[in-house]
Amino acid sequence: MLVKLIRTAIIASAIIMTGMAQAASVKIGFVTTLTTPAGVIGEDMKNSVELALEHIGYKMGKLDVELIMEDDGFKPDIGKQKTDKLVKQDDVDFVAGYIWSHVLLASAKSVLDADKFLISANAGPSQIAGKRCDKNFFSTSWQNDQTPMAMGEYLNQVGVKSIYIMAPNYAAGKDMANGVESTFKGQVKGKDLTKWGADAQLDFSAELAKARASGAEALYVFYPGKAGGAFIKQYQQAGLQDKMPLYTVFTVDSIALPKLQKAGLSGVLGSKMTQEWSPDMKNQANERFVADYLKRHGKYPSFYGAQSYDAIMLIKSAVEATAGNLKDKDAIRKALMAANFDSVRGRYTYGSNHMPIQNFYLREVVADAEGRWTTKIIRTVYENHQDPHAKDCKM
Amino acid sequence: MNWLPASVSGRSYAALLLVLAAAPFILEWIDQPFYLDLLSRALILGIAAVSLNLILGFGGMVSLGHAAYIGIGAYCVGIPSYYDYYNGWLHMALALSVSASFALVTGAISLRTKGVYFIMITMAFSQMVYFTFLSLEEYGADDGLVIYSRSEFPAWLSMDSSTSLYYWIFAVLLLALFFTHRLVHARFGRVIVGAKFNEQRMQALGFNTYRYRLACYVISAMICSLAGMLFGNFTGFISPDMMGWARSGELIFMVIIGGVATLFGPLVGTLVFVLLEEFLSAITVYWHLIFGILLVALVLFGKGGIHGWLSRLDRKAADHG
Amino acid sequence: MDWNLLITQLMNGLQLGLLLFLLASGLTLIFGIMDFINLSHGSFYMIGAYFCGSIVAYTGSFLLGVVIGLVGVFIVGALVEWFIARKLYREDHLDHVLVTFGLILIFDTLVHLLWGASGMAIPLPDILNGRLTLGELVLPTYRLLIIFAGLLVAAILYFLVSKTRLGMLIRAGASNRGMVEALGININRLFLIVFALGAAMAGLAGMLIAPITEASIGMGNDIIIIAFVVVIVGGIGSVKGAFYAALIIGMIDTMSRSYLDLLLQLAMPDNYAETAAPALSAMLVYILMAGVLAFRPQGLFPPAGMKL
């Protein structure tokens, strides 16, 4: 009885909700992580998407924009479930978002099989850039290998002779380690892949001791999320700032920095990372984005947010180029491929696998004029860099 | 109409099965095809819950590692598919044999313990499976493995479309229910249930309870691996996540919510769990709080789960009957 | 042989072991005396960290944070015992699992509501952020503090359990609860104290580790599984068992993380060793537990006279 009652209630409300769908609008589904501690990233993306929509007045050309946010709970099967809902029930025109590679890989098929457009605003697994590339997939972020490759190149450029690598033992962690090893010409004195997953290792005392003992010139790490904060703290407590300068990817960003600043972890100042964007980039689109974000939320946006903002602008450029004719998928695809919009990282072009060909910069953690900790671009490491998997894509 | 179930609970369950059988058509008619996905997922978990109930409910063996068999079943689809072997019978044979072997070995060790020790050791074994798959980089490790195409069966048995997969799941569920029913009412079942209540007496009667329990454990694992095989086909994606102890815990709850040691309890419990999860998460991001409160309230105030409630209705009806 | 590295790793193993002991001691007593499976024990770990963090943010004093935080967690533990656990002692283990899982969900979401989704970093006073340098050996001061605190609590607990009347009741209750009740002891008060004390110790562990890592939602849910392993290996109801088992497991975990890949490299190609080592070191703890359960299920140091 209870089961039937619940089910009838759900069906009834679903019927009511479908009835309220509008005709002349473009529907965008956005999948990100809103619960679990990683929800801070999703919050950044959500804020940026909403800011973007406000900047364009919730209109793309003549069409109203309807945004549906879904939470993947950091789990691939939930991400897929929510994606299925967006595709099958809400019948969205574009599906965007996806922080995590494994969630994207689990969900991609649902979108692409339905001949809908998939815009990744962060995840960049090699499969979707290479063998499994698809005509309806576009990225506004990067391919996972590029950022660590840029770091290896930078280390060569400044003459670092040896490094010690620490990263979590999962696919992205290994990618980050392999990426830097593929371009770094010096010696890798040691590599530690620490336990990851639900019971992730957050006490790095053992590995930091090994790193110090190895005599390497510098320390290269990848520790996303809360592991990043834990790592920086322990790095500082071990007194390594003066012995082994810190180079990171995807560890220190605008999400982690306010927390680190509040806790007084000055060990992070002066550390360096590579990324395709920084809040201090000087172009009109970025200055507007960062200033408004700062004003509204009291902190700098992160690269996750920047890429999400771009995703909305990319979609807008395509919708307007086809004068709102969402049914003409070929025209939309062509317009997306043209990437004819002012990205906050500056204009870029798409490779054959629909991954951006863009610059990568070396950023350093500094305090801005108001004393807030943020990142600043020091130099350009790669210009118009294309990811190494484009050759595997048969498009 | 004597063949109709007489009790309130019996009639409810019969009605439930009818609705489930007709679900694709009902959902098509009201134009909500997405809910077929939800039901499919719920019924797959229902098969797993029914299998768990066999050892947990009827046998009193609380396993906190049953999700490992869902994982094994799913990887038995995923790994062959990775090498482009899509034959459905191969997948099924692999799932059944691998899960049976693993259950035989781990069960033989685990069943030498009882109570909380059994809980812990089953959890330990499933964690070991979890970590093993986590380290298999070739098959995606924690990024998971994408399955690009479903298990292949002859055309009339194909599971390619959502509807046909749904009927596959429904059929396996009916088989699992039927099998459980026969098993429990046969002598085998009576030994298992008897051993739950008083093992010494059963042994005094000359039954080797250890062997019966081991057989029960292996059977339960095999049914669960079929759920895993269907799950792999349904999501098209497998990762070690699905075999963690928290997933095993969720299975236990589904069984308890519905009512342990009952035939339909696990199915009802799973449906309530999945639908509640879907419904609540649409309302608020903090739905875990409501869910937690419901769980606590259920244990403190609701004895016997949903089946217990239905049984009380049965008795009331009989009293007034 | 890098002696500095070895000594550092031994200290790290000791530190992890002592933290596990703080968690497991409460768990083993609650389990042994009240026969109550408390999956939400890890929530006390989390609550302790958050209480301490907030008080530190408010007062600037780490010491105050710990002291007030301990009182706070003790009260929360007492409330949980009074309103929920007490009603379920006579019930099935399944009910305990269900209810405490519900509690985990409730606590996790409450923390999310009160403190937000992102974690809380807990700043330490400068004196604790330094390090001790003995020749080439560098030991962060704070970790020495954790080891000291852990040993101190272990000593206090030892004294409590073996030399006081309360301790005698606890040991008796762990061995034979029925007898203690029959002797007319106010069993309700005993249970309340044990539960709340266990919660406070879990909270202390959380407060000690959070300044190194971070206070975050659900931080206790994963370490609690290891704590259960410690309880099983040590022997349910035995604080002595929890102590030794915690140290053993802390050492195994730390040492395998440091040296297992080197060991494996002797037997297999480097890149296999690299990925197998972390997986294997994670499994070692469970393999140990499975071994104990197979050959000595009552644990390494079970309470005297305990029935299995």
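Predicted model: local features only at pLDDT ≥ 70, side-chain atom pairs only at ≥ 80, totals over all residues.

Biologist: Let's start with chain C. How many helices and strands does chain C have?

Modeller: Chain C comes to eleven helices and two strands. Going along the sequence, the order is α-α-α-α-β-β-α-α-α-α-α-α-α.

Biologist: What share of the residues in chain C is buried?

Modeller: Buried residues make up 56% of the 308 in chain C. Also, if you take the contacts in chain C with a separation of 6 or more, 78% of them link residues 24 or more positions apart.

Biologist: OK, how many residues of chain C are in contact with chain B?

Modeller: 33 residues of chain C are in contact with 32 residues of chain B. On the chain C side, α4 (93-115), α9 (219-234) and α11 (270-295) each supply at least two residues.

Biologist: Which helix gives the most there?

Modeller: α4(C) does, with 16 residues. The side of chain C that touches chain B divides into 25 nonpolar, five polar and three charged residues.

Biologist: Switching to chain B: how many residues does helix α6 have, and what does it reach?

Modeller: α6(B) covers residues 162-185, so 24 residues, and reaches 35 Å from its first C-alpha to its last, close to the 34 Å expected at 1.5 Å a residue.

Biologist: Which residues of α6(B) are buried, and what do they pack against?

Modeller: Among the buried ones are B:Leu165, B:Trp168, B:Ile169, B:Val172 and B:Ala176. An α-helix has 3.6 residues a turn, so residues three or four places apart point the same way. The buried residues of α6(B) pack against α1 (8-29), α2 (34-58), α7 (187-197) and α9 (209-235) of chain B.

Biologist: Last one, chain A. What are its domains?

Modeller: The domain assignment gives domain 1 (24-142 + 283-358) and domain 2 (146-275). The C-alpha centres of the two domains of chain A lie 29 Å apart. Their contact takes twelve residues from domain 1 and eleven from domain 2. On the domain 1 side, helix α2 (residues 39-55) of chain A has the largest share, three residues.

Definitions and conventions
Residues numbered from 1 in each chain as written. Chains lettered and ligands numbered in written order. Helix = DSSP H or I, 4+ residues; strand = E, 2+ residues; numbered from the N terminus. Buried ≥ 20, exposed ≤ 12 C-beta atoms within 10 Å, placed from the backbone. Contact = placed C-beta atoms within 7 Å. Expected span 1.5 Å × (residues − 1). Nonpolar A, V, L, I, M, F, W, Y, C, P; charged D, E, K, R; others polar. Domains from an automatic or database assignment.
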